[in-house]
Amino acid sequence: MKETPESSRRGFLKKLGTASAAVAIGSNVFARDTKTGLFTYLKRTDSFSANDRINIALIGAGGQGSSDTETALQIPGIKLVAVCDLYDGRLADAKKRWGADIFTTKVYKEILARPDVDAVIIGTPDFWHQTISVDAMHAGKHVYCEKPMVHAITEGPAIIKAQKETGKVYQVGSQGVSSLGNEKAKELLKAGAIGQLNYAEGFWARRGAVEVWEYPIPADASPQTVDWETYISNTVKRPFDEKRFFRWRNYVDYGTGMAGDLFVHLFSSLHFITGSLGPQKVYASGGLRFWHDGREVPDVLLGTFDYGETTVHPAFNLSLRCNFVDGTSGTTYLRLVGSEGAMDITWDDVVLKRNKTFQNDDPFYAEKMRNAGPGAVERKHMLPPEEITYAAEKGYLGGPYDHFTNFFNAIRSGGKVVEDATFGYRAAAPALLCNDSYFKNEAMHWDPENMVVVKKG
Ligand SMILES: NC(=O)c1ccc[n+]([C@@H]2O[C@H](COP(=O)([O-])OP(=O)(O)OC[C@H]3O[C@@H](n4cnc5c(N)ncnc54)[C@H](O)[C@@H]3O)[C@@H](O)[C@H]2O)c1
């Protein structure tokens with residue numbers, strides 16, 4: 001029998017023992033791996049091969065590029081051979097960290113010209129992603145590019161084209177999509193665990209100076225130690241400005257604000273979990289409320305996104321909020337809300353909450369009650385669990401490790417990655433349109449299937 005959303009939902013409920021209120025909780029789904037009541041561990045059963053060695057190079061050796069490299073090097077068969085950055089301090093750090101024998105340069109094209117480099121990690125600020133990605137694939141390199149894939153909505157098609165033309169593996173770095181948490185959420189949604197998806201929401205709250213992009217500026221920062229001319233060579237020309245180099249996220253020429261930095265992760269996860277291609281309407285509101293430090297981007301941003309009905313999901317709404325002002329540092333979540341419950345999703349766990357009240361849908365029981373007449377006292381129900389936590393097993397290496405494993409496996413086996421250029425563009429686009437909506441003070445419209453901005457009126 002072909003599986004429909006309804007039959008799959010019934011299957012899930014059956015496993016939970018809630019298909020009929022009269023049925024006791026079967027709990028088979030919990031019995032395995034259960035340590036404490038309504039708690040089950042997530043684990044991978046597939047193993048990864050480490051056949052040929054893959055040589056990698058890092059372009060943009062700051063915080064995330066370095067962290068990506070550390071993750072990549074945990075995977076068997078991966079060797080770092082070269083590093084590129086525009087600041088002397090980062091190149092010196094790279095040699096200290098990964099060995100004096102690695103090749104270092106300030107010119108990324110020197111990395112791309114090296115025959116011993118199979119794949120590059122791009123960890124530069126957002127406004128360099130497109131140029132380096134396209135150049136790298138045309139130079140024959142596989143690419144792991146940090147999110148958001150592009151800095152402007154117009155930049156996506158060139159990367160998709162380069163990937164198609166060159167056949168290189170291209171993975172975008174929203175690592176959550178490869179995590180056990182996202183995988184479990186996808187499985188639960190498909191199984192009908194929250195019923196019909198109607199609404200989703202995500203949230204961040206930060207306050208610490210570094211968290212809100214007031215990064216420390218090295219004491220030796222100067223035009224002698226920073227290659228400023230190369231840095232601004234693809235954008236507006238300005239005199240050397242250390243803040244624009246080390247705190248680039250605060251300026252629209254280089255970064256993509258809260259939407260490109262943070263919302264994009266949730267678009268990636270949401271699209272992976274639901275199979276959605278993206279929203280059709282984007283509206284943002286917000287303001288610069290607290291951090292009057294010369295930044296050009298808001299420190300409070302609210303985005304609403306309308307997802308239309310498709311063959312894989314019903315129409316639903318998404319609300320994303322971010323503030324850099326409230327002091328509850330680090331608070332973040334993605335929640336999917338359905339007609340029968342909700343799921344809070346992180347990379348490492350999923351907390352499934354089921355509605356407390358529900359209608360008995362057992363037709364035989366309903367018939368019995370009808371026949372019993374008006375005086376019949378309804379029998380008490382066996383109640384289903386209200387909350388179940390699925391948590392990654394101890395020792396789980398996490399979404400970043402899984403995401404790089406997915407990337408290297410695709411290179412080794414000629415397979416597919418979970419977050420290719422098309423997926424990456426569909427995740428970046430609503431984030432970038434959210435910024436456009438904020439700055440233009442109007443709703444933006446998007447055709448997620450054909451990936452084009454729609455002009456209304
Ligand atoms: N996936 C994630 O969870 C995650 C987390 C943080 C950052 N990021 C992304 O990673 C990227 C880097 O962010 P970051 O926090 O590491 O910034 P960063 O400022 O710490 O690092 C950027 C580095 O790029 C170098 N650089 C700038 N232009 C360059 C160029 N043209 N060629 C070579 N090097 C260049 C800078 O000198 C700097 O060292 C951004 O796109 C960001 O959105 C992703």
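Begin by selecting N182, which touches G176, V177, S269, F272, I273, I345, T346 and W347, leaving aside residues up to four places away in sequence; contact here means heavy atoms within 4.5 Å. N182 belongs to helix 8, where helices (H or I, at least four residues) and strands (E, at least two) are DSSP runs numbered from the N terminus. With 1% relative accessibility, N182 counts as buried; the term buried means under 20% relative accessible area, exposed over 50%, and partly exposed in between (1.4 Å probe, protein chains only).

A note on the source: this is a predicted model, in which local features need pLDDT of at least 70 and side-chain atom pairs count only at pLDDT 80 or more, whereas totals for chains, interfaces and linings use all residues. Residues are numbered from 1 along each chain as its sequence is written, and side-chain values use heavy atoms, with hydrogens and water left out.

Just after helix 8, select G192, which takes a positive phi of about 85 degrees.

Next, display the strands of the open sheet: six of them are arranged in the order 4-3-2-5-6-7, with parallel pairing. Its edge strands are strand 4 (103-105) and strand 7 (170-172), each of which pairs on one side only; two strands pair if DSSP finds at least two bridges between them. On average, and with direction ignored, neighbouring strands of this sheet are turned by 20 degrees against each other.

Zoom in on strand 6 (residues 142-145), which three bridges join to strand 7 in a parallel run. Within this pairing, V143 stands opposite Y170 in strand 7.

**Backbone exceptions**

Most residues other than glycine have a negative phi, and most peptide bonds are trans. Select P148, located in the loop between strand 6 and helix 7 (156-166): a cis peptide bond joins K147 and P148, with omega about -15 degrees.

Move to W213 in the loop between strand 8 (197-205) and helix 9 (228-231). Phi of W213 is positive, near 85 degrees, and the residue is buried at a relative accessible area of 1%. Then select M451, in the loop between strand 16 (444-447) and strand 17 (452-454); its phi is also positive, near 55 degrees, and at 18% relative accessibility M451 counts as buried.

**The ligand**

Finally, select the ligand. Which of the 27 residues around the ligand come nearest? They are Q64, D85, R90, D126 and W248, a residue being near if one of its heavy atoms lies within 4 Å. Helix 3 (63-73) and helix 11 (257-274) each supply at least two residues of the shell.

- D85: a polar side-chain atom lies 2.5 Å from an oxygen atom of the ligand.
- T124: a backbone N or O atom lies 3.3 Å from a ligand oxygen atom.
- H265: a polar side-chain atom lies 3.4 Å from an oxygen atom of the ligand.

The protein covers 91% of the 850 Å² of accessible area that the ligand has on its own; such areas come from the Shrake-Rupley method with a 1.4 Å probe, and for residues only the protein chains shown count as cover.

Conventions:
Axes are lines fitted to C-alpha atoms, for helices over the stretch in contact, and angles run from 0 to 180 degrees between N-to-C directions. A polar contact is a pair of N or O atoms within 3.5 Å; within protein, one must be able to donate a hydrogen and the other to accept it, and residues adjacent in sequence count only if both atoms are side-chain atoms.
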